[in-house]
Amino acid sequence: MTDFFLLPILAQTVRLTVDGAIVMAVCVALVLGLMVFCMARILREQHPQEHHHAPLDINTHDTDR
Amino acid sequence: MARMKPSMSNALAKASLPEKENWGSRLGVVLAVAGSAVGLGNFLRFPGQAVNNGGGAFMVPYFISFLVLGIPIAWCEWTMGRLGGRYGQNNAPGVFYALWRRAPAKGLGALALLIPVVIYMYYVLLEAWCLDYCLFFVQGGFAELFAEKTAGLTDHAAVVENVVGATGAHFNSACGLEKHGALFADGSRMLWLVLCCYLVNYVIIYQGVTRGIEWFCRWAMPLLILCALIILLRVLTLPDISTGLGFMWNPDWSSLADPKVWLAASGQIFFSLSVGFGIIVCYSSYLRKDDDVVLTSLSASSTNEFCEVILGGLIVVPTAFLFLGAENAQGGTFSLGFVTIPAIMHFMPGGAFWGSFFGAMWFGLLFLAAVTSSLSMLQPAIAFLEDGFGLRRRGSVAILAVITAMGAIPTMYFSKNALALDHTDFWCNFCMILAATGTVIVFGWAVGAKRGVKEMNRGADFPVPRFMPFVIRYVTPAFLLIILVAWTATNAGDYLDGMSPTSRSLMYERGVYAGAIATHFGAEGLPDEAIGVRTEEILGPEKTPVDAAALPDWLQESQAEAEEARADGPTDANVARFVFIGIVVFFIFLTALGDIACRNRIGRTVAEAERRGVRL
């Protein structure tokens, strides 16, 4: 590929400012934090739920006449 | 995967209420709803909106809208759906009938049924575009095209111009944007790809909620995110990527004073989360009585936000700016997605192989995102046919396939400038805001915000905030009404004008002259604003006929082309009218169908559920 591809555009460059970096980092952290929080709870609770509720599905026939 | 929390409810009710399908796992429902929400809008629309509306500053109204609009509406829809499911209803007309037995509920139910079906009619075409681009990259078609167009060029600006020109021309020809009927011409690959996508969608949806939708989303969503993360890693390790990130994320705080920025941000949140579609109501109706909706809904929304803000926000615009400059990084959804991104791949370090590799991966992930979304558009109507008329899945799927084909074929045929697609999309967006407003009002006022929130908290992993009833009753509906009015006022004029043969002819004629004027003065180095002023001087005020005799000599060469364009006006205006009338007629048809179903089968099922003790 071309080795000159960046040069002309970098001439009219806009660097990431401190403001921009902070906004980007905060947005990424917020979204990632929310997703990790939700997914961790969803995944963590799947197995305990199964074990907790499984006995309710078992028909022991102890009330059969 | 673990089964969902089993319900202890209503063993008796099972005796005569219809057999109810349920989601196989909690992760499955999260991925299915997130798959429905994650689509082309996350990866293409969001970055375009952000960069054109203040960059990083856009995220302030964006997150505020997420909190007061996105999350509350999603919670309302999830709760209404789960509640409707207890009445044996997995379809929007049935859910609204069960919760609010008033005439407007029928219209609302029909609207929630209409939107996904009509969107599917053009969305399947977008799906085929993504598949076509993916295959073209795999075949090395773009690499050959770029090699041919850039042979011998050493000037960067010329390389960019030729590469973007080549992808633009490919987009026009492959997607049939040059003339109506192009996709039905001999040798059109797109027609076969649309058929292929159509078949894939219907085969998956035929398998049902658990074995079809959930199964597909459980492997497609992680794969999609993995592909996007690989691309993101490559993008973030590009030399000087901080320039691209700066272009996307540097905030212009003054833009926060502009109401249009707030409208754009709230619109983005609204359209991105797939609320107001009728899809969440349908999907959540497959939950059990005590299944959580609060965390599950939040998880689906946060997955959508992850794909949008992190994957969408860090990939497309920064790379486009880095390689192609500001002009090419600020386009609309289609130009960014199908013209700019393929062009970017030419400049990827590592040669043609890596360009094709990342290109195929990118369009592959867009294809997966489109399939997961389109599956969700089919399920509400299938559920309606099953619940409302007692049809089996095979019959419902067959009927829906015929109905969607009746809309998809004209949409494909009238493909010039994506005319039918564009107009259908506009009216569907309008209906979505209307439906979401209605849904929140029904939840906040007819069901009752406090009672609704109590129901929301049933089985919840954590309770919703105490101020939520106030937000649902006042803040969210008010916000939605403002969006409805402002969005309609901003956009409806152009689309209504587009239905007038005279206006459209005039618009086409002026378009040809305006293009020629821009080229003429652009070559002289005049800035865009000055070109705009000169255009108005030469052509006269907007929406007035062009005085051909008064045109300068150099512009008279364009007269034949302008005449030809003008002649297309009436045809295209008729297409726009056809779309509008078609949607109105379909809405009336669905309202009548919903009414018949509610008076008969749905009414009986709801009455039976109530007799067995199901109450709000």
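The stops below cover a pocket, a helix pair and a salt bridge.

This is a predicted model, in which local features need pLDDT of at least 70, side-chain atom pairs count only at pLDDT 80 or more, and totals for chains, interfaces and linings use all residues. Residues are numbered from 1 along each chain as its sequence is written, chains are lettered from A and ligands numbered from 1 in the order in which they are written, and side-chain values use heavy atoms, with hydrogens and water left out.

First, select R45(B), Q49(B), T333(B), D425(B) and N429(B), the closest to the centre of the largest pocket among its 47 lining residues. This pocket has a volume of about 1400 Å³. The lining divides into 22 nonpolar, 20 polar and five charged residues. Next, colour α2(B), which gives the most to this lining, with eight residues. Helices here are DSSP runs (H or I, at least four residues), numbered from the N terminus.

Now display α3 (residues 59-86) and α13 (residues 294-324) of chain B, whose axes come within 10 Å and cross at roughly 145 degrees. The crossing is right-handed. Among the contacting residues are F66(B) and W78(B) of α3(B) and L298(B) and V309(B) of α13(B), contact meaning heavy atoms within 4.5 Å.

Finally, select E610(B) and R101(B), whose side chains meet in a salt bridge (2.8 Å, N to O). The term denotes a side-chain nitrogen of Lys or Arg within 4 Å of a carboxyl oxygen of Asp or Glu. E610(B) lies in α24 (residues 601-611) and R101(B) in the loop between α4 and α5 of chain B, so the pair ties together parts 509 residues apart in sequence.

Technical notes
Axes fitted to C-alpha atoms, helices over the stretch in contact; angles between N-to-C directions. Helix = DSSP H or I, 4+ residues; strand = E, 2+ residues; numbered from the N terminus. Left-handed = near helix turned anticlockwise from the far one by under 90°. 1 Å grid on protein atoms, 1.4 Å probe; cavity = no way out; pocket = protein on both sides within 12 Å on 5 of 7 lines; lining within 4 Å. Points joined across faces, edges and corners; volume = space filled by probe spheres on them. Nonpolar A, V, L, I, M, F, W, Y, C, P; charged D, E, K, R; others polar.
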